[in-house]
Amino acid sequence: MSGRRVTVTRNPVPAAGAGAGPLVAVAGADVEPDGWAEPGELHLRSIVAGQLSLAGRTLAAVAGILLGAAVLPSLGEYAGIGAPGVWLVLCLAPPPLWALLAVTHLRRAERIERESVRTARDGG
């Protein structure tokens, strides 16, 4: 072992014959000498971009639920539901919405990964 230290930013690639693994990047090293990215890195970037987009939409949905929870008491009083009814709705409605949002987010994130892997495997 040499005394030189490197920073590994991703998991190491498995041994030859063990299948395709994640891309390894060393800090300060170009992916290729001419500056072009390898297909594995492009594949990883497309997954990250898709999941970041999904995360933004999920955060918008979370903001909508929080805004709805903040506005509901004043709307309940305006509609004549009364304070106890509004608080009952606030206690019972958000938890199932959180669970539904979490399951939906997880399924969509996994679908993004599957489609990206399928596209990379098919050569697209």
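Student: Why does serine 116 count as buried?
Tutor: Its relative accessibility is 11%, and buried means under 20% relative accessible area, with exposed over 50% and partly exposed in between (1.4 Å probe, protein chains only). One caution: this is a predicted model, where local features need pLDDT of at least 70, side-chain atom pairs count only at pLDDT 80 or more, and totals for chains, interfaces and linings use all residues. Residues are numbered from 1 along each chain as its sequence is written, and side-chain values use heavy atoms, with hydrogens and water left out.

Student: Where does serine 116 sit?
Tutor: Serine 116 is in helix H3, residues 94-122. Helices (H or I, at least four residues) and strands (E, at least two) are DSSP runs, numbered from the N terminus.

Student: Which residues is serine 116 in contact with, leaving aside neighbours within four places in sequence?
Tutor: His43, Ser46 and Ile47. Contact means heavy atoms within 4.5 Å.

Student: What does the side chain of serine 46 do with that of serine 116?
Tutor: The two side chains make a polar contact at 3.3 Å. That term means a pair of N or O atoms within 3.5 Å; within protein, one must be able to donate a hydrogen and the other to accept it, and residues adjacent in sequence count only if both atoms are side-chain atoms. The C-alpha atoms of serine 46 and serine 116 are 7.3 Å apart, although 70 residues separate the two in sequence.

Student: Is serine 46 buried or partly exposed?
Tutor: Serine 46 counts as partly exposed because its relative accessibility is 38%. Serine 46 belongs to helix H1, residues 39-79.

Student: How far apart are the end C-alpha atoms of H3?
Tutor: They are 42 Å apart, which agrees with the 42 Å that its 29 residues should span at 1.5 Å a residue. The expected span is 1.5 Å times one less than the number of residues. Just after H3, glycine 123 has a positive phi of about 90 degrees.

Student: And the whole chain: how many helices and strands?
Tutor: 3 helices and 0 strands. Of the 124 residues, 12% are buried.
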